[in-house]
Amino acid sequence: MAAAEAVLSRCLPAQRDALLYHIDSPEWRTWSNPEFLLSDKGLRLDDLEDNTGLRDAILGVLEATLSPEGYQKALSAMRINHFLGELVKAPGVMNEYSYNFVIFGTPSTERPWGWSFYGHHLCLNVFLVQRQLVISPWFTGAEPNEIDDGPYAGTRVLHVEEKLGLQLMQSLPAPMQQKAQIYKLMRDPAMPPGRWNRDDQRHLCGAYRDNRVVPYEGITVSSMDAAQQDLVWAILEQYLLYLPEQSRRMKLEQVRSFADETYFSWIGGFETEDEPFYYRIQSPVILVEFDHHSGVFLTNEEPAKFHIHTLLRTPNAGDYGYALRPLIPSVE
């Protein structure tokens, strides 16, 4: 709360008016991850003057809310976005600060409030009430997923989720691989209309897909052996990395209790390290997707392992903290 109040204390009246929305505003659901804005709300970081301290104060909200490793992951995605902007000579559109920040409700230790931070390849939606924290839905991507030049050379994101996902698929016995692999090709002729689209490609639950009903596919986690199940939980821990350690541990305990209702599905190849792929882990309490995409700014016409999109949803009213709201009296 103190970090959010520090932001508000630095705002001019017009900035404060632009920044604050009602806790139940439908605008919370209008985040998006393209490089161009589909919904312009809140404050844009690259429009702010450096000398006011407002930009740093906004980043201070992220740092205070997220785990240390989650905050570094967010910074890495932002820096890779800047690297891409320089690479394709479009720094005015894509840079480290081309993100919008919005506050919903009034920052408080008792009453519910939250914030959204969104832009190209990074979208975070955070709901807070008393001692409870929800970070869902979120989207994180990168094209490419590693910086190989400049002051942030060596910065990488999403490589752990990629490595663990492939390791899990390769560890399964052949009959389980066949059942988990719902489509062999990344754009498979067997896919029904709408299963692939140009923007989301294989993703089902991206921006503007709130409340989408997604059928379970693939194999259950409870049908895996102990080592394979451990890989599933390790993958989900990466997807829960934005949460502080205690919240992450509690969420993982909840997720593990649904092993019988948790499904793993796969699209694409898995026999070699170079093959692109998609996977989804889905249960009543969590849904995550990983997808290798074709190029948007780079030239690969087919999906490649250096362009990655990932996301997390919390099914059954978990997104945006909706499941918690009826439990709190007098929500504004």
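1. Helices (H or I, at least four residues) and strands (E, at least two) are DSSP runs numbered from the N terminus. On that numbering, Q201 belongs to the loop between strand 7 (181-183) and strand 8 (219-220).

2. The model is predicted: local features need pLDDT of at least 70, side-chain atom pairs count only at pLDDT 80 or more, and totals for chains, interfaces and linings use all residues. Residues are numbered from 1 along each chain as its sequence is written, and side-chain values use heavy atoms, with hydrogens and water left out.

3. Q201 has 5% relative accessibility and therefore counts as buried (buried is under 20% relative accessible area, exposed over 50%, partly exposed in between; 1.4 Å probe, protein chains only). Leaving aside residues up to four places away in sequence, Q201 touches R195, W196, D291, H292, H293, S294 and P303, where contact means heavy atoms within 4.5 Å.

4. The side chain of Q201 makes a polar contact of 2.7 Å with that of S294 and one of 2.9 Å with that of R202. A polar contact is a pair of N or O atoms within 3.5 Å; within protein, one must be able to donate a hydrogen and the other to accept it, and residues adjacent in sequence count only if both atoms are side-chain atoms.

5. Across the whole structure, 17 aromatic pairs are found. Rings of Phe, Tyr and Trp (its six-membered ring) pair if their centres lie within 6.5 Å; planes under 30 degrees apart count as stacked, over 60 as edge-to-face and the rest as tilted. W266 and F277 are stacked because their ring centres are 4.4 Å apart and their planes at 25 degrees. W266 is in strand 9 (residues 263-268) and F277 in strand 10 (residues 277-282), so this pair ties together parts 11 residues apart in sequence. Both residues, W266 and F277, are buried.

6. Y279 and F290 are also a stacked aromatic pair, 5.2 Å centre to centre with 0 degrees between the planes. This pair links Y279 in strand 10 to F290 in strand 11 (residues 287-292), 11 residues apart. Y279 and F290 are both buried.

7. Elsewhere, ring pairs join Y21, W28, F104, F127, Y320 and Y322 into a cluster.

8. R195, listed above among the contacts of Q201, lies over the face of Y278, 5.6 Å from the ring centre. K73 lies over the face of Y242 at 5.1 Å from the ring centre. A charge sits over a ring if NZ of Lys or CZ of Arg is within 6 Å of the ring centre and within 35 degrees of the ring normal.
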